[in-house]
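Have the model open beside you and try each task before reading on.

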Amino acid sequence: MDPTGDLLLETPVDGGLTTGAVARLLGVAPTTLRSWDRRYGIGPAARQDGRHRRWTGADIASLRHMCALTSAGLPPAEAARTVLAGMSGAGTTSTGPSRAGEPGAGASGVPAEPRSARASRAPGPLPVGRARQECRGLARAAVRLDAPALDELLTAVLDRYGLPAAWDEVIMPVLHAVGRKWETAGERYIEVEHLLSWHVSGALRGVTAGRTPTPGAGLALLACAPGETHTLALEALAATLAQQGLPVRMFGAAVPAGALEDAVRRTGPAAVVLWAQSRRTASPALVARLDALEWGVRGARGRPVVCVAGPGWAGRQAPGARHLSGLSDAVDTLATL
């Protein structure tokens, strides 16, 4: 782990960073960087062997400026003109020169927007702290609502680290950062949370596409408690189990108690995992009902092992249930059943 990945911007090695490295750092799709270079001239000053892009600290500073302007709602062409004007030291706009500090002028000489217009623009950066470099890239792509970059970054971290580590060390920290911002900034971050969640869900499903369960392995039934709508952690568990050849039935959000009991009787799972994000949805009474269920023919009746997971169960007693403390613990526990 490199908690000081931003230092790369100041001291690129071997004559500069590759396009892929810069894309991961800034949370921009490599195709977007190449497009900005080709269309607007926002590219590296030098190329290795005349062909391969190598981005220096100054080049990346310009990209940061470009990302900030496009995140604020400027069209790419206009943002590029502003960046290039700053690089050349120009302080003019199409309507003539402006001095910083004059009414209507920003520090770069670009006319300032009304405060109300600035407030309606894209939200600020997410507080991912001293996390992996990929966390910062993923967070920046989410704030920019850059769907292609989200897909490329998620695929890259899943390929590089594997699903459990990618979830614990990259994806979940960014989701938590979005959640913290959503709690403090309200509706300004709802679109960020929804887009990021959608792409995380798609990436998790893509990891296990076409996997065939191991014959004879015990079935795990995964469901959110009634009234619970947060599913991504269960989706990560379902994908990891499927990767290991374990059969899974994922029922998703807000499963009614009666429907969940019927599903247990019909599928005969070795284990049931009940997820609760909040104490409001964590129901010990439902755990007791699931623990008492039996399935199968007379003389060969079976009962599922009931497991509870999620922050909603912290400090709550769930008699008869096993408490799963995280993704790795959940996988290890269910694999032994």
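The exercises below take up helix pairs, then a pocket and a cavity.

This is a predicted model, in which local features need pLDDT of at least 70 and side-chain atom pairs count only at pLDDT 80 or more, while totals for chains, interfaces and linings use all residues. Residues are numbered from 1 along each chain as its sequence is written, and side-chain values use heavy atoms, with hydrogens and water left out.

**Exercise 1.** Describe how α6 packs on α7, and list the residues in contact.

Solution. Two packed helices are described by the angle between their axes and the distance between the axes. Helices here are DSSP runs of H or I with at least four residues, strands are runs of E with at least two, and both are numbered from the N terminus. Axes are lines fitted to C-alpha atoms, for helices over the stretch in contact, and angles run from 0 to 180 degrees between N-to-C directions.

Step 1: α6 (residues 133-143) and α7 (residues 147-161) have axes 9 Å apart, at an angle of about 160°. Therefore α6 is roughly antiparallel to α7 (angles under 35 degrees count as roughly parallel, over 145 as roughly antiparallel, 65 to 115 as roughly perpendicular and the rest as oblique).

Step 2: their crossing is left-handed, meaning that the near helix is turned anticlockwise from the far one by less than a right angle; clockwise would be right-handed.

Step 3: α6 brings Glu134, Gly137, Leu138, Ala141 and Ala142 to the contact, and α7 brings Ala149, Leu150, Leu153, Leu154, Val157, Arg160 and Tyr161 (contact means heavy atoms within 4.5 Å).

Step 4: sorted by class, this contact has nine nonpolar, one polar and two charged residues. Here Ala, Val, Leu, Ile, Met, Phe, Trp, Tyr, Cys and Pro count as nonpolar, Asp, Glu, Lys and Arg as charged, and the others, Gly among them, as polar.

**Exercise 2.** Work out the geometry and the contact of α11 with α12.

Solution. Step 1: α11 (residues 257-267) packs against α12 (residues 284-291) at about 25°, with the axes 10 Å apart. So α11 is roughly parallel to α12.

Step 1: the crossing is right-handed.

Step 2: Ala257, Gly258, Leu260, Glu261 and Val264 of α11 touch Leu286, Arg289 and Leu290 of α12. That contact includes five nonpolar, one polar and two charged residues.

**Exercise 3.** Characterise the largest pocket: its volume, its lining and its main contributor.

Solution. Step 1: the largest pocket holds about 920 Å³. On a 1 Å grid over the protein atoms alone, a pocket is an open set of points with protein on both sides within 12 Å along at least five of seven lines, whereas a cavity is a set where a 1.4 Å probe fits but cannot get out; lining residues have an atom within 4 Å of a point. Points are joined across faces, edges and corners, and a volume is the space filled by probe spheres set on them.

Step 1: 31 residues line the largest pocket, and His176, His230, Ala233, Trp275 and Gln277 lie nearest its centre.

Step 2: α8 gives the largest share of this lining, 10 residues. By class, the lining has 16 nonpolar, 11 polar and four charged residues.

**Exercise 4.** Which residues line the largest cavity?

Solution. Step 1: the count is one cavity of 30 Å³ or more, and the largest cavity has a volume of about 40 Å³.

Step 1: its lining is Gly218, Leu219, Ala220, Leu241, Leu246, Ala270, Ala271, Leu334 and Leu337. Eight of these are nonpolar, one is polar and none is charged.
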